[in-house]
Amino acid sequence: MYRMTKPRILTILIYAFTTSTLAFIYRDLYDLLVLLAPTIILVFIYARRGLHWIIIGVLIGLLGLFINAIAFSNTGETVFRLFTIEVKTGAVHAFLVVSIRLFIIAFAGALLALTYSPIEIYRSLIYELKTPVIIAFPVAYALRILPVVKRDYSEIVFQRKQRGLKTNLLNPLDLASVVTLLMVVNYERAKWSGISAELRGLRRIKPEFQYKPRIVDYILLTLLVLLVVYTIAF
Amino acid sequence: MVDILVLGVITAVFGVVFYAMWSVYYAVKAVGGPIIARLVTYGVWFMPAPLAASIIRKKGSAFLGEFLPAFLEAILPTVGGVTNIYYGLGQGLFSELVYLARRYRKYGLIEAGLASALPAIPAVTLDAILFGDIYPVNEMLLIIIAIAISGFIYGVIAYYISKTIRK
Amino acid sequence: MGVYVNILRAGYQENHIVLRESMFKAGEGEVVLISGPSGSGKSTLILAITGILKHVLGGFVEGVVDLNGLNPLEPTGFEEIPREVSVLLQDPERQLVFPTPLDEVVVSLESLGSPRSTAFEKARGILSQIGLGGKENRHVEELSSGERRRLTLALLEIGDPRVIILDEPSANLDPRGVSLIRERVRDWKKQGKTVIIVEHKIQYFTDLADTMYTLRSRKLVEDAVRDDLYVNLPECRNNPAGASELVLELRGDIGYRDYTVLRDVDFKVYRGEIVAIIGPNGSGKTTLLKTIAGLTPILNGEITTSVKKLFYAPQNPDLVFVSWSVKREVKNIVKKTGLTVEELVNMFPWLSNALDQSPFLLSHGQRRLLELLIALAHGGDLLLLDEPTTGLDPSLYHSVLRELKNTRNKGRSIVVATHDPRLVLEVDRVYKVENGFLREVDKCRVVEEMIRETGV
């Protein structure tokens, strides 16, 4: 299959940020739909792998939103009855607006996170976006130890089970215990990693800014401008 | 450099904890809607800021402690996408304010609690915009206070966690 | 040029001296070997002479340090250290701070002044030389331990440092890994580099060393002295195999989805015996324990057991604690197991003094003991202990050994993964991991081998 040229990370960042921000602000159903349409198309071009998890997540969220809409915005004429509850226009409208908003945010996020891997993104932080070391390095190190921390986490849950304890993160005491262990174990690791990084002189790294847009980047940015202008003007 | 990597540890640890929380959060959310879900879990999301500040004790550590895990969530595929970053920025800034008000001289229990309570304000505000739930002012205040109390408790927990770390 | 060190006093906090009156020197192309028992301050010595202790950890160092003309005790000298000096830390895994090998090498090259445009290309060249071509964008956790070791060694040589410092290079290596390091050390000597090796098992490097020193009561003295940790050991006796019932049998392959750690395992445990698993780090001892415990599923094959309850105590004792005070840990044990506080304190009298402390702030040996207590209390009929005797001083070691024997005499079974010849001496049967296979070996022969490895 023909693989589309990927837009640069900065382009996608700008796109994702702008659409998410607009989705946050806009209250008009029509404007939101206009934003959603191109975002869906882009996600299907670039970010299809792993998308089902995002969609499942949003759908579960929608169930809760529906309950919320009925609880807080159930005013106007009755549209239909669900068991004994009268679902009114206010609830339907509120539900639609918020769910489209959430879809835009989830899809815009997916466009960023699924088009590029976390490793590509943090690389771009250092080599293209001139992100300060204090942000880029912790992100890089977090990605470095993430599999290790995940392993620690499952070991901690296992140990608690051996000692006859459940692990319910909603219980502050359980959470405190789990986070304490993760921090104690990994602080030690970070200390030695930090010493090694000092000895290797890694603090000399200077992040750089570099942006080489291609045709696809111009197309995407033009599309974005059109979207913004259109939704503001109409 | 050690401090920078400790921030990395906090980012990864809360990356994992938040990830585990999401499933709990969604279970609660599907049953009780976002507002109840947030009331129950909110304090946890504010925790990394006072934890980072209590361990590192430097300017900006509270802000980065909150912002970086949010940033990580934005680049790993999660439903919140880049909006995580807005929450991270807002919550981080309000946490940092507490330590700023103390002129970065004290990193005690009360500061940690407050640094985890104050983010209730940006969080509820952002939620109100996102979910379109604009309530009357007193109801809004009530929600903020409820979340701030939950936040305070988790801030205190974060403080005690920082004390168990072998330096 | 070369290295000259004369440290008068050094420590982490004022008026707490960890190192004093330590002098050594080495010219170009010379190898210095520094030995000393664990906890004698070997790592502190490395942190002190590289300036880390003073500039990063907030400690103090008084005296003179000259590493190829640089004084790392001065901020300007410390800045230049990465150009002249390379250090291999004890746990090289922690030396990797980036998610992929490519980033690790690129960043190292850049911090030594390579421009970005050429750094990526150079890095790819270096990685393909060490057999990591095609894996440069993999996550380092997905590499094998051998690949990670080659990566850390390659990082060590980037920038052609004049001084190379190795902190316990044999600690995390099997014999093959050690011979790889020995080969490198020989090359470095030829290239005129000064090599400082701080090592517990000095016999690996004595033939390469030009001068030898020992750290003894916080002081460095010339001439290597054999570590007497393992002298005065009782004579090894093979315990008579008593007819006893089989409590656990594991047959099959173990490991993880993407790679098999041990093949064709046939592992048995009988009632009332202590079984030791020995072998180099990263060879699969822990994976075996985890598989028996059920934390890691068996790849193929099966585990048959008559044991209803078992307990797996990991190598890092911190992972089993659930609260912020020893008292609450004890309360939790009492609540879950029905044992009384008196019974627990009787097992380890030391416990009564530690009740008000946080388990995380105890010494490593004390944490190890608390972990063992938890394992003994919860363990049921089978205990799986990963390195239960590391970091124990002689008195703690003996109370641990006493409890292990008591437990065995009560008809419970124990499996230990260990490097400690003292402990292997006391067990009933021994399995050894070698090159991906597990086999039962003769205890006394193995103990002799282990002691020979650690001595001169």
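Author: **A helix pair in chain B**

Helix α2 (residues 48-56) of chain B packs against helix α5 (residues 109-117) of chain B at an angle of about 150 degrees, and their axes lie 8 Å apart. Axes are lines fitted to C-alpha atoms, for helices over the stretch in contact, and angles run from 0 to 180 degrees between N-to-C directions. So α2(B) is roughly antiparallel to α5(B) (angles under 35 degrees count as roughly parallel, over 145 as roughly antiparallel, 65 to 115 as roughly perpendicular and the rest as oblique). From α2(B), the contact takes B:Ala49, B:Pro50, B:Ala53 and B:Ser54. From α5(B) come B:Ala112, B:Ala115 and B:Ser116. Contact means that C-beta atoms, placed from the backbone, lie within 7 Å. By class, this contact has five nonpolar, two polar and no charged residues. Ala, Val, Leu, Ile, Met, Phe, Trp, Tyr, Cys and Pro count as nonpolar, Asp, Glu, Lys and Arg as charged, and the others, Gly among them, as polar.

This is a predicted model: local features need pLDDT of at least 70, side-chain atom pairs count only at pLDDT 80 or more, and totals for chains, interfaces and linings use all residues. Residues are numbered from 1 along each chain as its sequence is written, while chains are lettered from A and ligands numbered from 1 in the order in which they are written.

Now chains C and A. Their contact takes 41 residues from chain C and 36 residues from chain A. On the side of chain C that touches chain A, α4(C) gives the most, with five residues. Helices (H or I, at least four residues) and strands (E, at least two) are DSSP runs, numbered from the N terminus. That side of chain C divides into 23 nonpolar, ten polar and eight charged residues.

Notes. Two residues are in contact if their C-beta atoms, placed from the backbone, lie within 7 Å.
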